[in-house]
Amino acid sequence: MDPLIKKAIFRALGFLLWASLSAWLAWLFVLVEYTEENDSEAKRQLLLAVYASMSTKYNMSIEEFNNYSSMVYEAMSEPKPQWNYHASLDFVLQAITTIGYGYITPQTQIGRMLCIFVSLTGIPITMLALKSIGEVIAYCVNAFVTKFEKKILKRADPKQVETKSASILFMLMVVVIVINSLFMMPLTEWGLLEGIYFWFITLTTIGFGDYVPYKSQGIKEITASNLSGFQNQTKTGNAGEVTAFIFSEIFFTLYLIFGLCVVSSVLNAIMAALEKQKCCLRCRCIPRKTKAQDVCSEESNTQERRETNITILSLESFGFRTDNAAALEKIEEGYSK
């Protein structure tokens, strides 16, 4: 069977195994998140109570109450972000990195077609860049672990380098997420756990959208400041505010890309460790009587065997008669030892 097809079948079976396990893991979410209270029914009962009060005090009909409640709901709901440069830049970054919080989406047909075009061209380029940078980070960590064990720990042949590198990169990811969460706490009303949850969902490009770095603009109640606040607002900022905004956007974008690269390196290291474990497991499953005693080192021994065969043929060409079978048997015994 072709190695590519075999690898695809093996990974597909692994995915199906994890998907079947996820069906059982879903019950854990039910146990943790389930509540006896039905939120939709509670809201319906509250709406009926409001209608009963309004109809008694103001003799309001059902049609009038429905119109009134619809207008109030529309006025107090979260407003859609205005499509300025800042919001558009956020949307493009969320699209090409596949984060997709969902708080800003195109509303026109042309905008949706433009989103498809940007995603089709931007997502492959972004994924390749993140994968390549992640591989470079994982390679540097592998080299660091190898040199550390050889020079400091005096180990001639370091073992399980990929697994150790994956552990180091995982700890680096945890540190980055915790530091980001601590920086976000003064800027938002989130706690540490909410910040960790937000950054993990963001850097893994899941992007549920329940927590977003977007300040709520909805009006919850009318006060004197709400009535007079809009008259005192200025529509344009000065040059200093614009410059600070541009630099903050550039810094946040680069920092987000750095976090995405760190997570990509963790995923690459985990996959490399899994591939290494699979190779070692395959070596252990091979019987002892087979000619290839170590499949993992077969490729490294092939070149030496070819050089030995070339040497034997060269000796025969100069008149030296050599028993090839005996020589090859001795070579195989040397490799087995």
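How do the residues of the lining of the second largest pocket divide into nonpolar, polar and charged?

**Entry 1: basis.** I worked from a predicted model, in which local features need pLDDT of at least 70, side-chain atom pairs count only at pLDDT 80 or more, and totals for chains, interfaces and linings use all residues. Residues are numbered from 1 along each chain as its sequence is written, and side-chain values use heavy atoms, with hydrogens and water left out.

**Entry 2: the pocket.** I found that the lining divides into 7 nonpolar, 2 polar and 3 charged residues. (Ala, Val, Leu, Ile, Met, Phe, Trp, Tyr, Cys and Pro count as nonpolar, Asp, Glu, Lys and Arg as charged, and the others, Gly among them, as polar.) A pocket here is an open set of points on a 1 Å grid over the protein atoms alone, where a 1.4 Å probe fits, with protein on both sides within 12 Å along at least five of seven lines; lining residues have an atom within 4 Å of a point. I noted a volume of about 480 Å³ for the second largest pocket, the volume being the space filled by probe spheres set on the points. Of its 12 lining residues, Phe10, Arg11, Gly14, Phe15 and Leu274 lie nearest the centre. Two or more residues come from each of α1 (3–33) and α9 (239–285), and α1 gives the most, with 7. Helices are DSSP runs (H or I, at least four residues), numbered from the N terminus.

**Entry 3: α2 and α3.** I looked up Leu47, Val50, Tyr51 and Met54 of α2, which meet Ile62, Phe65 and Tyr68 of α3, contact meaning heavy atoms within 4.5 Å. The residues of this contact are 7 nonpolar, with no polar and no charged.
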